[in-house]
2 protein chains.
Amino acid sequence: MARTKLSRGVAVVGAGMSKFGAFPGLATRDLFVDAFKEMLASVDKGLDARDIEALYIGNFSSDLFEGQAHVAPIMADWVGLTPRPATRVEDACASSGVALREGIIAIASGLYDMVLVGGIEKMTDLPTARVTDTLATAADVTYETPAGFTFPGLYASMATAYMAAYGAPLEAFLRVGLKNHEHGALNPKAQFGQRISDIMEARKASAAKKGKPIPTWVDEMAFLMDERANPTIAWPMRLYDCSPISDGAAAVLLVSEELATRFSNAPLYVVGSGQASDGATHDRPILTGIPAAQRAAQMAYAMAGITPADIALAEVHDCFTIAEIMATEDLGFFAPGEGWKAAIEGRTARTGDHPINVSGGLKSKGHPVGASGAGQVIEIWKQLRGEAGVRQLPGSLRFGLTHNVGGTGQTCAVHIFERR
Amino acid sequence: MARTKLSRGVAVVGAGMSKFGAFPGLATRDLFVDAFKEMLASVDKGLDARDIEALYIGNFSSDLFEGQAHVAPIMADWVGLTPRPATRVEDACASSGVALREGIIAIASGLYDMVLVGGIEKMTDLPTARVTDTLATAADVTYETPAGFTFPGLYASMATAYMAAYGAPLEAFLRVGLKNHEHGALNPKAQFGQRISDIMEARKASAAKKGKPIPTWVDEMAFLMDERANPTIAWPMRLYDCSPISDGAAAVLLVSEELATRFSNAPLYVVGSGQASDGATHDRPILTGIPAAQRAAQMAYAMAGITPADIALAEVHDCFTIAEIMATEDLGFFAPGEGWKAAIEGRTARTGDHPINVSGGLKSKGHPVGASGAGQVIEIWKQLRGEAGVRQLPGSLRFGLTHNVGGTGQTCAVHIFERR
């Protein structure tokens with residue numbers, strides 16, 4: 001009985017984000033206010049914020065990170081939007097990708113014409129070991145974590161399965177991290193503004209300053225292959241294969257399609273939305289891709305009536321570098337087992353034929369988990385509108401895609417946006 | 001710009017719940033399977049569960065209660081519904097009332113024809129003090145809890161404000177608890193199957209058996225007024241003014257209006273839905289009612305095109321007895337300051353003119369917080385269909401209402417159902 005079309009079109013007319021990073025003095029609500037203000041400023045023809053009719057807030061676990069549940073009405077209150085309905089949506093690291101889908105559905109229902117979608121997470125107040133434990137609650141604690149897994153281990157098991165199935169070398173993963181640091185260095189909102197070569201040179205300079213032997217890395221790949229520079233977290237995933245622990249917020253304003261040009265000179269039309277669920281890794285037939293992502297992508301492409309070849313750029317969920325490689329296959333950009341080759345060949349770089357994570361991705365831009373899905377939309381907003389500054393992709397860009405995964409793929413949300 | 005009508009009608013064609021109570025050997029997923037099976041059995045004309053297209057799961061904080069976030073896909077998996085989209089909705093104790101609204105909106109959007117709404121919570125694995133701390137994360141931890149409040153205290157402050165404003169005596173609160181225990185004694189799913197008189201007589205019998213002096217309580221009110229029998233938790237709220245710590249799950253099946261009679265001989269049509277948010281108590285102009293509930297009720301009545309006088313029965317959020325009294329005013333059954341009199345006069349009993357919480361309410365049926373909102377729908381389903389057995393209300397019942405509050409009123413969801 002499922003339909004592939006919404007009964008009413010939806011468009012993005014505003015998008016903003018806080019800086020991503022570690023902000024010890026700020027709370028989630030402060031970061032959300034930053035994102036909200038930038039979103040307001042991005043609405044070309046201006047906005048009376050009181051016209052916003054409802055809020056959907058993606059958040060993984062402010063419960064565990066800040067001891068604060070029930071965050072949606074607090075966010076509404078801090079941007080002056082009570083008594084409007086305020087709903088928190090949680091699907092682990094896909095929380096705000098799913099919140100975006102709920103906002104779209106809510107407008108399509110006819111109940112609202114204007115909805116604010118937010119994503120929030122404040123992770124850095126906890127010690128790193130507790131962050132790892134907290135993130136592990138997004139896995140199945142009855143099956144996955146008792147087997148000894150936290151998330152680096154779960155994705156490492158996918159990486160080893162992928163290597164075994166397709167013969168991918170370690171270099172493929174490292175190339176993804178290298179690329180995303182190159183991209184993130186062009187993004188002033190990114191948590192890491194440094195290229196790997198910057199980091200390498202800084203390490204050399206630091207050694208020289210301290211009178212220690214200067215490391216002899218001849219290039220970034222030598223640096224990344226060196227266990228001392230890039231220690232193993234869960235083999236084959238090393239430090240620069242893993243996204244960081246981050247604080248951040250993002251805000252996206254949706255309106256019904258017929259109102260889009262009332263607010264924006266260059267709205268993005270939501271032409272595709274897909275979401276799927278799955279069991280945990282212990283009960284999955286394959287580990288070399290994410291079935292929920294494949295299905296969510298199929299749903300989104302079917303709704304949009306386009307193919308992977310039509311996508312000008314994609315922001316994908318690179319929580320680990322293996323995840324980006326699998327994503328480029330799950331989304332149909334490359335055939336199964338071919339994604340690692342594309343990574344090595346530079347095809348997913350901003351200069352390649354399938355630009356992936358030109359924002360820097362989760363790896364370099366940062367991964368405040370509940371904010372990451374909404375954060376992806378900000379980059380698509382800027383790129384499709386030609387407002388991405390020094391990191392602007394060339395040419396006329398029509399379709400952009402976001403891919404947001406929760407857990408090890410128990411949830412995936414995929415969205416496609418069109419600049420007409 | 002807000003509309004009061006959905007673009008497409010929605011009906012309930014199935015509803016089921018687990019028993020509410022304390023179940024040390026079971027996990028959330030087990031309770032949800034119980035609820036799902038009872039829901040399936042309640043569909044008059046049968047159902048192929050594979051026709052369900054999406055799940056919305058209300059849950060307050062499995063994160064803190066069970067160390068398990070990302071519960072929606074797990075629930076989908078355990079009832080065999082992956083890879084369908086599975087979304088967790090959280091608004092504290094209003095989580096599944098809001099999940100119900102999301103399910104309704106999703107069908108109205110045209111994207112789905114059949115949606116499963118669940119509510120789940122497993123609270124009793126933690127020690128009581130940690131449950132209290134966990135529930136306190138639904139308050140504003142920056143403003144409310146540092147002032148020394150946990151939830152009994154927050155609602156106690158509303159009770160004292162109410163007493164001061166309207167001259168309500170302690171008896172009014174105790175009458176609500178007494179009534180809800182009378183109601184719950186008729187509900188086999190209730191956590192507490194005992195009337196207060198049963199409890200009183202059991203205490204007398206226990207004393208006699210142990211050779212201790214037999215208490216001289218002459219009636220239930222004497223028992224409830226006795227500090228030894230009914231100790232103060234946060235004055236004026238005593239033990240029997242407070243809902244219990246509970247485990248439980250509920251499941252509600254929604255379809256588009258045009259499919260209702262394909263599945264059910266007696267569907268309930270969703271004619272009203274309202275949701276509102278608010279700031280926390282420190283920033284609220286009144287404490288003698290809940291503004292978000294008043295607004296959500298207005299939205300629901302406006303959508304339904306009816307008045308409070310049309311409601312045959314209501315399941316309201318009696319997390320504390322003061323909350324039920326305020327609810328009967330916020331919902332318009334009684335004027336502000338008159339609810340306490342109605343409670344004393346028995347007008348809200350099953351034999352009164354405004355039957356409230358004929359299931360036993362949160363007080364007696366139990367309050368597995370994320371499941372409570374969906375659990376309310378089960379009673380409306382049974383009563384409007386004439387299937388409530390020994391607790392069936394007499395006469396032809398047309399409209400039933402549910403009222404589900406999160407926190408101290410930072411969220412409220414109100415729904416109205418019609419049996420045509």
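Which residue in β11(B) stands opposite Asn404(B)?

Analyst: Asn404(B) stands opposite Ala413(B) in β11(B). This is a predicted model, in which local features need pLDDT of at least 70 and side-chain atom pairs count only at pLDDT 80 or more, while totals for chains, interfaces and linings use all residues. Residues are numbered from 1 along each chain as its sequence is written, and chains are lettered from A and ligands numbered from 1 in the order in which they are written.

Strands (E, at least two residues) and helices (H or I, at least four) are DSSP runs numbered from the N terminus, and two strands pair if DSSP finds at least two bridges between them. The hairpin of β10(B) and β11(B) has 4 residues between the strands, and there Gly407(B) takes a positive phi near 65°.

β10(B) also pairs with β9(B), this time in the parallel sense, over 4 bridges, and Ile311(B) stands opposite Phe399(B) in that pairing. Asp310(B) lies in the loop between α11 and β9 (311-315) of chain B. The C-alpha atoms of Asp310(B) and Phe399(B) are separated by 6.7 Å, although the two residues are 89 apart along the chain. Asp310(B) counts as partly exposed because 14 other C-beta atoms lie within 10 Å; a residue is buried with 20 or more such atoms within 10 Å, exposed with 12 or fewer, and partly exposed in between, with C-beta atoms placed from the backbone.

Strand β10 (residues 399-406) of chain B, in turn, is mostly covered, with 8 of its 8 residues buried. On one side these are Phe399(B), Leu401(B), His403(B) and Val405(B), and on the other Gly400(B), Thr402(B), Asn404(B) and Gly406(B), which leaves both faces covered.

Elsewhere in chain B, helix α4(B) is also mostly covered, as 14 of its 14 residues are buried. Just after α4(B), Gly110(B) takes a positive phi of about 90°.

At the contact, strand β3 (residues 86-90) of chain A and β3(B) run antiparallel and are joined by 3 bridges, with Arg88(A) opposite Glu90(B).

Chain B can be laid on chain A with an RMSD of 0.0 Å by a turn of 180° and a shift of 0.0 Å along the axis, the copies being superposed by least squares on the C-alpha atoms of residues with pLDDT of at least 70 in both. The two copies are therefore related as by a two-fold rotation axis. The same surface serves both copies, since 100% of the contact residues of chain B recur in chain A. Of the residues of chain B, Ser109(B) comes closest to the rotation axis, with its C-alpha at 1.8 Å.

Definitions and conventions. Contact = placed C-beta atoms within 7 Å.
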